[in-house]
Amino acid sequence: NGEKLNILVRRKLLSIARDFIYDFDIADFQIEDVIMTGSLANFNWDEKYSDIDLHIVVDFDDINDDVELVKEFFDAVKKKWNDTHNGIRIYGFPVEVYVQDVDEKHTSTGVYSVLYDEWVVEPNLEKLKGDVDNDEVQTEVADFMNQIDDLEETLLLTLDGIGDKSLEKIYDDAEALFDRIKDTRRSSLGSSTTEISTGNFIFKSLRRNGYLEKLNDIRTKIYDEINSLK
C-alpha cells in the first residue's frame, strides 16, 4: 500500500519468521532484521512463478565462531522447514524462508524490512535493465537440458545392469553439472548489480521448466542407491 507493506501481510510474515526461529532449540541470539526480497519486492515479479523470499538476518558470529558450521546448520533447518511447510501461501504466493548472515553480500535490487516496516533497498526500474542475450539463454538452457536427460538415461541403463558407468561416476557427473549451473548464475550476479542477466535467466529457466528438480531427483536417487545394501 503506497510505500508500506500491506499490514496483514507484514503481520503474517513476522509470525512465520517467529515460528521458524522458535521451531528449533538454540541459545538466544539477536535477530538483526526480517526482510522480504526477490522479485515480489521488485518490478520483475511474476504471477505464476514468483515466491516470497523471507530472509531472517542474524549475526552468525553471535552463535558460534565457526560461521561455516552455523550456515550449514541454518541451511539444513530452512530446507526442512520449507519442505514441511510448502503449503503456506500469501495471497497465492508460496513463502520461502532463508537465514542470512548480517555480513552476507546480497545483490537484490529490492529489499523491504518487514521488521522495521521500511525499504532497505527501494526498487528502481532502471536497475533491472540488464544485458540479456536471448539466443545464448536458449542455447545454454537446451544444452543443460540435454545433459540432464543424458544423465537420467545413463542412470537407468546402469540400474538395469547394462550401463558402462558406475553409480559413483554418474553421481560425480551429476554433482559437477549442478555446480556448473549454479556457477552460471553466481558469476552473472557477481559481475553485475542487476538481477536481469543471461546467467540468471538460464538458471531460472531450468528451474521453471522442471529440469533443476529433475537433476536434484537424479542426485538423490544415485546417493540413495550408493548408500543402500541389498
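## The second largest pocket

In this predicted model, the lining of the second largest pocket divides by class into 12 nonpolar, three polar and three charged residues. The lining comprises 18 residues, and those that lie nearest the centre of the pocket are Leu5, Asn6, Met36, Leu40 and Ala41. The volume of this second largest pocket comes to about 460 Å³. In general terms, it is by rolling a probe the size of a water molecule over the atoms that the empty space left is shown.

## Overall architecture

The protein contains six helices and six strands, and along the sequence these elements follow the pattern α-β-β-α-β-β-β-β-α-α-α-α. When contacts between residues at least 6 apart in sequence are considered, 71% of them join residues at least 24 apart.

Of the 230 residues of the protein, 37% count as buried. The protein exposes about 13900 Å², and carbon and sulfur atoms supply 48% of that area.

## Helix H5 and the residue that follows

Helix H5 spans residues 198-208, and its buried residues are Thr198, Gly199, Asn200, Ile202, Phe203, Lys204 and Leu206. Just after H5, the backbone at Gly210 adopts a positive phi of about 90 degrees.

Most residues other than glycine have a negative phi.

Tyr91 is a residue other than glycine with a positive phi, near 50 degrees. Tyr91 sits in the loop that runs between strand S3 (89-90) and strand S4 (93-101). Is Tyr91 buried or exposed? Its relative accessible area is 63%, and because the cut-off for an exposed residue is over 50%, Tyr91 counts as exposed.

Asp117, also a residue other than glycine, has a positive phi near 60 degrees. This residue is located in the loop between strand S5 (111-113) and strand S6 (118-121). Does Asp117 count as buried or exposed? The relative accessibility of Asp117 is 19%, and because buried means under 20%, Asp117 counts as buried.

Terms used: Residues numbered from 1 in each chain as written. Predicted model: local features only at pLDDT ≥ 70, side-chain atom pairs only at ≥ 80, totals over all residues. Heavy atoms only, no water. Helix = DSSP H or I, 4+ residues; strand = E, 2+ residues; numbered from the N terminus. Buried < 20%, exposed > 50% of the residue type's maximum accessible area, 1.4 Å probe, protein only. Contact = heavy atoms within 4.5 Å. Areas by Shrake-Rupley, 256 points an atom, 1.4 Å probe, with all protein chains shown as cover. 1 Å grid on protein atoms, 1.4 Å probe; cavity = no way out; pocket = protein on both sides within 12 Å on 5 of 7 lines; lining within 4 Å. Points joined across faces, edges and corners; volume = space filled by probe spheres on them. Nonpolar A, V, L, I, M, F, W, Y, C, P; charged D, E, K, R; others polar.
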